Amino acid sequence: MSFLRTYRKPKVFGLVVVAALVLGAVLGFLARQTGQDWLVTALDTIGTIFANLLQVTVLPLVFTAIVLGITSLRGLGGARTAARLGGKTVAWFATTSFIAVLIGIAVGRIINPGSGISLQPAQETVDELAERDQGSWLDLLNNLVPSNLFGAFADGKILQVVLVALAVGAAVYALGERAEPFVAVNQAVFDIVQKVLGWIIRLAPIGVLGLIGNAFATYGEQFARPLLSLTAAVYLGTLLVLFGVYPLLLRLVGGVSPARFFRKAWTAIQFAFVSRSSGATLPLSRQTAVNLGVDPGYASFAVPLATTTKMDGCAAVYPAIATIFIANLFGIGLGFGDYLLIVLVAVFGAIATAGVTGWFTMLTLTLSTLGLPPEVIATGIAVIYGIDPILDMIRTATNVTGQIAIPTWVARGEGLLDDGVLNTATPPPLLGDTGKAPTPA
């Protein structure tokens, strides 16, 4: 029992995760260099099981969190207050996406990744990616409404689940006391899934060992060096947003110390980095916002909404840089109009990133909007597909940071930020027994 208490401590848990990250990379590299297929299989199995455990919690968490979040707005005022909060939150989503995509374009233009590089991916990878559903505005509209409610859950259509949750949440809000039994059921489901996820999170060191190990074992070293410029550009762009834009806005708009913010948010950011899942990080993100002093009612609404629609890493910085990389790879020049289209897609197309394959949807949506040929899109994505796990870590960490930071400074502007809670030390979310999520007012 003493070992478990020690293991839950943030510093100890963080060190164990970092050690697992390094060990996984070493094992993956050795497995590839020595041709130990059994080790590659073992790492892949461990990583896949951990990822599946996380994904199994995402849809019930998103649905119940959004329903409870909308219901929680009742305690903050009437419908007009809820509409104002929602409008201001979405406006900041768009604003930070605009800033993030400009940073992505600037970094891409300065580093110019892909320039002078000639790579030919495996044909089977190109064919596989060409067959996947690519992002388009028409597909986005067609996929909004499910033909079958249970099918949306069974098929993992998170965008459809979000839409249904918004509609159900609005109905629950309108019904008031008559819907209280349904609210109680949702609260119980949310608490149960959150408890299960807390147990899964404690397995993160084992999971990240498998995930990073498999990534190092499977992508070829022939791609590693040529793709260093892309990796460096993506990490630089996302880190500028994560440690530059967000802290600046937290200080100027929210009056919140960036150092205090990162102390409280670090567990969620770290878990997002190793798990590569904003959805699985949702309970940590929501509790972190509450620990930062955000009103629980507003946090229960804004953070789940941000988790499915606010992704500056995947939807803004990465598509901009990856598009420049692919254009350079094929010698395609981009003009001012092309960069303007990249900005517009980042600001208005972020909702298309909802789901496990969000980065793929957003990148193909951006590339197709620019009018690039399908074979160029498939081949270009196939080139970078192998190192995507490495890129996805920092993208997801950036996503989650924004999903916590924006509700924090919006809450300040609405008088919904408790400085007493903000300035009080709190345990890391879900690593200890932090209690259940606040019941909607």
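**Helices and contacts in the predicted model**

Of the 441 residues of the protein chain, 55% count as buried. The model is a predicted one. The chain contains 21 helices and zero strands.

Helix H4 covers residues 79-111. With 33 residues at 1.5 Å a residue, H4 should span 48 Å. Just after H4 comes asparagine 112, with a positive phi of about 55°. This positive value occurs in a residue other than glycine. Asparagine 112 belongs to the loop between H4 and helix H5 (123-131). Its relative accessibility is 30%, and asparagine 112 therefore counts as partly exposed, since that class lies between the 20% limit for buried and the 50% limit for exposed.

H4 packs against helix H12 (residues 228-252). The angle between the two helices is about 140°, and their axes are 9 Å apart. The crossing of H4 and H12 is right-handed. On the H4 side, the contact is made by Trp92, Thr96, Ile99, Ala100, Ile103, Val107 and Ile111. H12 contributes Ser229, Ala232, Ala233, Leu236, Gly237, Leu240, Val241, Val245 and Leu249. By class, the contact has 13 nonpolar residues, three polar residues and no charged ones. An α-helix has 3.6 residues a turn, so residues three or four places apart point the same way.

Threonine 95 is also found in H4. At a relative accessible area of 34%, threonine 95 is partly exposed. In sequence, threonine 95 and valine 347 are 252 residues apart. In space, their C-alpha atoms are 7.8 Å apart.

Helix H17 comprises residues 336-348. Its 13 residues should span 18 Å at 1.5 Å a residue. The end C-alpha atoms of H17 are 18 Å apart, so here too the two values agree. The buried residues of H17 are Asp338, Tyr339, Ile342, Val343, Val345 and Ala346. These residues cover an arc of only 165° around the axis, which means that they are on the same side of H17. The face turned away from this buried side carries the exposed residues Phe336 and Phe348.

Valine 58 has its place in helix H3 (residues 37-72). Its relative accessibility is 6%, so valine 58 counts as buried, the limit for that class being under 20%. Leaving out residues up to four places away in sequence, valine 58 touches Ile158, Ser277, Gly279 and Ala280. Valine 58 and alanine 280 are 222 residues apart in sequence. Their C-alpha atoms are 5.5 Å apart in space.

Arginine 276 has a positive phi of about 60°, although it is not a glycine. Arginine 276 lies in the loop between helix H13 (258-275) and helix H14 (282-291). With a relative accessibility of 26%, arginine 276 counts as partly exposed.

Methods:
Residues are numbered from 1 along each chain as its sequence is written. This is a predicted model: local features need pLDDT of at least 70, side-chain atom pairs count only at pLDDT 80 or more; totals for chains, interfaces and linings use all residues. Side-chain values use heavy atoms; hydrogens and water are left out. Helices (H or I, at least four residues) and strands (E, at least two) are DSSP runs, numbered from the N terminus. The expected span of a helix is 1.5 Å times one less than its number of residues. Axes are lines fitted to C-alpha atoms, for helices over the stretch in contact, and angles run from 0 to 180 degrees between N-to-C directions. A crossing is left-handed if the near helix is turned anticlockwise from the far one by less than a right angle, and right-handed if clockwise. Contact means heavy atoms within 4.5 Å. Ala, Val, Leu, Ile, Met, Phe, Trp, Tyr, Cys and Pro count as nonpolar, Asp, Glu, Lys and Arg as charged, and the others, Gly among them, as polar. Buried means under 20% relative accessible area, exposed over 50%, partly exposed in between (1.4 Å probe, protein chains only). The arc is that of the directions from the helix axis to the C-beta atoms.
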